[in-house]
Amino acid sequence: MSDTHAQTVAFVRDTMTEQQEPPLSQSGAYKWMRENLLSTPLNVILTLVSVWLIYSVLSHVMPWAVFGIWDASSLSECRTIRDELYGADANVACWAVISERWKQLLFGFYPPEHYWRPVLAFVLFLVAISPVLFSSLPRKLLAFSVVAPFILFWLIWGGTIWGPICVALGFVIGWAIIRYASPYIGALGSVILAIVVPLLYWFVLAGPLDDLLASILPIGLEQVQSKQMGGFMLAMIIGISGIALSLPLGIVLALGRQSDLFLINKCSVIFIEVIRGVPLIVWLFTASLLLNYFLPPGTNFDLMLRVIIMVTLFSSAYIAEVVRGGLAALPKGQYEAADALGLDYWKSMRLVILPQALKISIPGIVNTFIGLFKDTTLVVFIGLLDPIGLSNAIRASTEWNGIYWELFVFIGLCFFIFCFSMGRYSLFLEKKLRREHR
């Protein structure tokens, strides 16, 4: 009986079969190509046309770029080498202009013996910006991020060390006013006072104090004039300064435009609409030609500083509208929740509203930053030698007169690296905040 029953019991597996690789048609490159390139007859035709276009472009560009000449001192020498190696009809790039003038394209007319200063400043900038961009780094590094702008200014421009220290003292005064005067004059009064008092200090006392300290203890570096700076160094100084300064100013303008205070609201609206309604090139000409008419006679206001101010104001108007869009996208319940928690205006904005609004506004903010960095090339029209201006100067020389594409390809590649990096960081930040939200 037991034997008959044992024969009728269904087989029960006591071990699992080994895992096998999926079929070739369901994995790997074959699956991707079948689903994305060859899924329909229309996609097949578009794929074939795209492959033909890519081949047509690369078949002309790659030989020109790969077989280029790197060792020559002039365009005529480059053509002579080309004739010897490939023949007179060959179309090859003359990369020798890059190997010959790359220092000028990067640093402009900065003294060669002081190249270490902007290089060190760039390294310190990366160190200072890292804890701001990546929250996983130690928060103690933010202390260096605060003092880094003054160190970078001193490294690049030189002069006595007391100048940046005296300027930094103005920010310390503003911070002290906000910290200790708020309980007595209110948040708005302390903010206004924290703006007015440092400005008066910078215009009246900072200069004499700098001269006094320099006469007592002259410590510093050799001074370099702004007119000696150019190339990507100039583009990075203007672009990074504009980005760093326009973001907080744009946030303040966005809050001002949504304020219930009539004067603050209308001033913010007028500023934003006037700045956005005029092209950047007009504001750059204003900074170059007209700004001196509004300054006291004899005032020597550095042209690069004027450009940074105008670029910052221009970018801040666009940032304000981007942030205002983020504020408008928040549900009204978020504002009501902040009020229900008993938070005042500044705490509700800092702890509840702005973090959510800025998260929504990240793509628009980064897009504005990328546009700002590329727009630094417009300074060529007011006499500053950015990479485009230096390429014109190089092409005007007798050695390289007649060369075009090689310089523009190099400049475009450098701009692409910076802008692509900003775009990738934007995507990284969006994915990170999306995961944290879940």
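Trainee: Which residues of α11 and α12 meet?
Mentor: This is a predicted model. In it, L280, W283, L284, T286, A287 and S288 of α11 meet L303, R306, V307, M310, V311 and F314 of α12. By class, that contact has 9 nonpolar, 2 polar and 1 charged residues.

Trainee: What is the angle between α11 and α12, and how far apart are their axes?
Mentor: Helix α11 (residues 280-290) packs on α12 at an angle of about 145°, and the axes are 9 Å apart. Two packed helices are described by these two quantities, the angle between their axes and the distance between the axes.

Trainee: Is the crossing of α11 and α12 left-handed or right-handed?
Mentor: The α11 and α12 crossing is right-handed.

Trainee: Moving on to α9 and α12, how do their axes run?
Mentor: The axes of α9 (residues 231-257) and α12 (residues 303-329) come within 5 Å and cross at roughly 45°. The two helices are therefore oblique to each other. As for handedness, α9 passes α12 in a right-handed crossing.

Trainee: What is the make-up of the contact of α9 with α12, by class?
Mentor: The contact of α9 with α12 has 19 nonpolar, 7 polar and 3 charged residues.

Trainee: And α9 with α10, which residues meet there?
Mentor: From α9, the residues are L253, G256 and R257; they meet I264, N265, S268, V269, F271, I272 and E273 in α10. By class, this contact of α9 with α10 has 5 nonpolar, 3 polar and 2 charged residues.

Trainee: Why are α9 and α10 oblique to each other?
Mentor: Their axes cross at roughly 125°, and α9 and α10 are therefore oblique to each other. The axes come within 7 Å, with α10 spanning residues 262-276. Here α9 passes α10 in a left-handed crossing.

Trainee: Changing topic: how much space lies in the second largest pocket?
Mentor: The second largest pocket holds about 260 Å³ of space.

Trainee: How many residues line the second largest pocket, and which lie nearest its centre?
Mentor: Its lining has 16 residues, and W64, N91, V92, C94 and E406 lie nearest the centre. The elements that give two or more residues to this lining are α4 (75-85) and α16 (405-437).

Trainee: Which element gives the largest share of that lining?
Mentor: Helix α4 gives the largest share of the lining, 4 residues.

Trainee: How does the lining of the second largest pocket divide into nonpolar, polar and charged residues?
Mentor: The lining divides into 11 nonpolar, 2 polar and 3 charged residues.

Conventions. Residues numbered from 1 in each chain as written. Predicted model: local features only at pLDDT ≥ 70, side-chain atom pairs only at ≥ 80, totals over all residues. Heavy atoms only, no water. Axes fitted to C-alpha atoms, helices over the stretch in contact; angles between N-to-C directions. Parallel < 35°, antiparallel > 145°, perpendicular 65-115°, else oblique. Left-handed = near helix turned anticlockwise from the far one by under 90°. Nonpolar A, V, L, I, M, F, W, Y, C, P; charged D, E, K, R; others polar. 1 Å grid on protein atoms, 1.4 Å probe; cavity = no way out; pocket = protein on both sides within 12 Å on 5 of 7 lines; lining within 4 Å. Points joined across faces, edges and corners; volume = space filled by probe spheres on them. Contact = heavy atoms within 4.5 Å.
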